[in-house]
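Thanks for coming, everyone. Let me put the model on the screen, and then we will walk through it.

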Amino acid sequence: MEKITLSDIEFGYADGDTESRLENFLDLFYTGNNKYEEIMDNNHFIISGRKGTGKTILAKYIQLKHNKKLYITKYEKLNKMYLEEYIHMENPDINVNDRILFQDYYLMLQLAHIIVDNENYKSFKSFKDGYGCIKGFYKRIKYKQALVALRRYYDEICPQDKFKDVERKTLRKIMSSITVGYKKNSNKFDMQNQLEESSEKKQKLTNFFERQRVLKKLVYECLKYITIILFIDDLDETRIEDKKHRTSFLISLVKKVNDINKEDVMYRSHSKIILLLRDDISREFASNDPNIQKIITDCSVELNWFYDYSNSQLSDMIMHKIKASNKQFKDYSLQKVRDKLFPKKKKQQDPFDYIVRYGFGRPRDVITYLNNIKKNFPSYTNFSLQIIRKSELAYSKDILAEIKSEMTLTWDSNQIEDVFKLLREFAKDTFTLMELEEYYKSKSKRYISISDTIENVLTYLYQLGVIGTFRIEKCEKNKQKNVYTWSFRGNAPNRPNFNEIISIHYGIRKALNILEN
């Protein structure tokens, strides 16, 4: 075997969208946790998990694997909905209730766009392979009729040529001026002329409620012959600032997707809409709607790499990527790959376990750490504890930035900075709730953006994995051990036990300049 250095190995990327663009992405993808099989089951339509656990990568894998012949998959981000709102809703001042009402139409519009825009289903061969020669020909004719009807209607409600776009924009300007005119008591005769001139144009702008009914019928007729899977990601980017309204909007979206997926034509064609949902978002649902939790529980595929206290799944996933990235590992078992690249010396901690210890139970953390090491030590042949430790600070800064980004959904930037400023200046890696509360009270003017109690702040940090708790237990031969609880490991409770000692997570201590006591 030729000498392999770290520069010869691929671990993938922390960003799932970026990794999916690799030529060997399908080979790199790890299926050993059976999540692919779970989400392809008709009853599941939510991929849940913390940011960085692999939701986007799973969606991209399905998209690349199935986007052919009578199957089509499409990956969209929720922010596309705001462009559709601008185009299809006459009122430019869109509130949360308008957005909730618009959801049905938006979802049907996306399915329609996929059907109209796709080329896979237009060949005779696709229907022949799917149904047999004669039956395939009949299905092709029926589908073509349904497709023509849908395309005709879709082109009417989503005009492509510039003349229709100008008509639509002109009408909005006219209606806007009419509204302003009434407010200023302008000449009613002039306004009447404007109304008459625009009456023909107004007829082209039917209410989206009416369009929704027709569009749904045409889409479902096409779905009798094809299969569509639509992924919707970035549900946290709702542009709804009010937390309560944002939660109501997302609960409504989950319910509407659930209703659509249960439609007979969707179920029989194995078509469905899949939502990529962060678990910190779904945690807010239960207290706002008594019925939503049943849907979340029954219909979710959860990406959690630490169902127990072992690192086996996470290890297998990383070793699988390494093995797939270099042909020299072709005949290696996953364990042999690990033994070669993460050699464990006597009386030293296992190098891979050390890296996992500095993460938050997510593939993203391990991949970020490994890529940092690879960047700094490309000519090395394995991951020794020495180079792992030399890369701690760079990794710690990256992971703290990632945590802060995740927190922006719940807190504003000033509060985030003040909370970490508090932990940095408190400068203890382990402490009690009372100790931190006393310190905060004595210097509260330095942290004016902290708008909640320290107990609630720590509870949120615990749910993110920024802090954990531990208790001291006696072992054999009068020895003691610390028993830790981290929110991302095992069946941890949702709230920390404040009777135990609080610990700052190892992965962010160096970024906060906190030394171990």
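By what are Phe 102 and Tyr 105 separated in helix α6? About one helical turn, because they are three residues apart in α6, residues 96-117. Helices here are DSSP runs of H or I with at least four residues, strands are E runs of at least two, and both are numbered from the N terminus.

Before going on, some ground rules. This is a predicted model, where local features need pLDDT of at least 70, side-chain atom pairs count only at pLDDT 80 or more, and totals for chains, interfaces and linings use all residues. Residues are numbered from 1 along each chain as its sequence is written, and side-chain values use heavy atoms, with hydrogens and water left out.

Aromatics next. The whole structure has 25 aromatic pairs. Rings of Phe, Tyr and Trp (its six-membered ring) pair if their centres lie within 6.5 Å; planes under 30 degrees apart are stacked, over 60 edge-to-face, the rest tilted. Take Phe 102 and Tyr 105 again. Their ring centres are 5.5 Å apart and their planes stand at 65°, so the pair is edge-to-face. Both Phe 102 and Tyr 105 are buried. Buried means under 20% relative accessible area, exposed over 50%, and partly exposed in between, with a 1.4 Å probe and protein chains only.

Now Phe 342 and Phe 352. Here the centres are 5.4 Å apart and the planes at 80°, so this pair is edge-to-face. It links distant parts of the chain, ten residues apart: Phe 342 is in the loop between α17 (334-341) and α18 (351-357), and Phe 352 is in helix α18. Phe 342 is buried at 2% relative accessible area. Phe 352 is buried at 0%.

There is also an aromatic cluster, and its members include Tyr 354, Tyr 395, Phe 470, Trp 486 and Tyr 506. Tyr 506 has a charge on it too: the charged end of Arg 357 sits over its ring, 3.7 Å from the centre. Likewise, Lys 336 lies over the face of Tyr 332, at 4.4 Å from the ring centre. The test is NZ of Lys or CZ of Arg within 6 Å of the ring centre and within 35 degrees of the ring normal.

On to strands. Two strands pair if DSSP finds at least two bridges between them. Start with β1, residues 46-49. Both of its faces are covered: Ile 46 and Ser 48 on one side, Ile 47 and Gly 49 on the other, all buried. β1 runs parallel to β4 (residues 272-278), joined by four bridges. It also pairs in the parallel sense with β5 (residues 300-302), over three bridges. Follow Ser 48: it stands opposite Leu 277 in β4 and opposite Glu 302 in β5.

Then there is an open sheet of four strands, in the order β6-β9-β7-β8, with antiparallel pairing. β6 and β8 (480-485) are at the edges with a single partner strand each, so one side of each has no neighbour in the sheet. β6 (residues 430-431) pairs with β9 (residues 501-504) over two bridges, with Phe 431 opposite Ile 502. β7 (residues 467-474) is joined to β9 by four bridges, and there Gly 468 stands opposite Ser 503.

On a 1 Å grid over the protein atoms alone, a cavity is a set of points where a 1.4 Å probe fits but cannot get out; a pocket is an open set with protein on both sides within 12 Å along at least five of seven lines; lining residues have an atom within 4 Å of a point. Points are joined across faces, edges and corners, and a volume is the space filled by probe spheres set on them.

The largest pocket has a volume of about 1200 Å³. It is lined by 44 residues, and the closest to its centre are Asp 279, Asp 280, Arg 283, Gln 463 and Asn 494. Helix α24 gives the largest share of that lining, five residues.

How many cavities of 30 Å³ or more does the structure hold? One. Its lining residues include Val 419, Leu 436 and Ile 454. Here too α24 gives the largest share, four residues.
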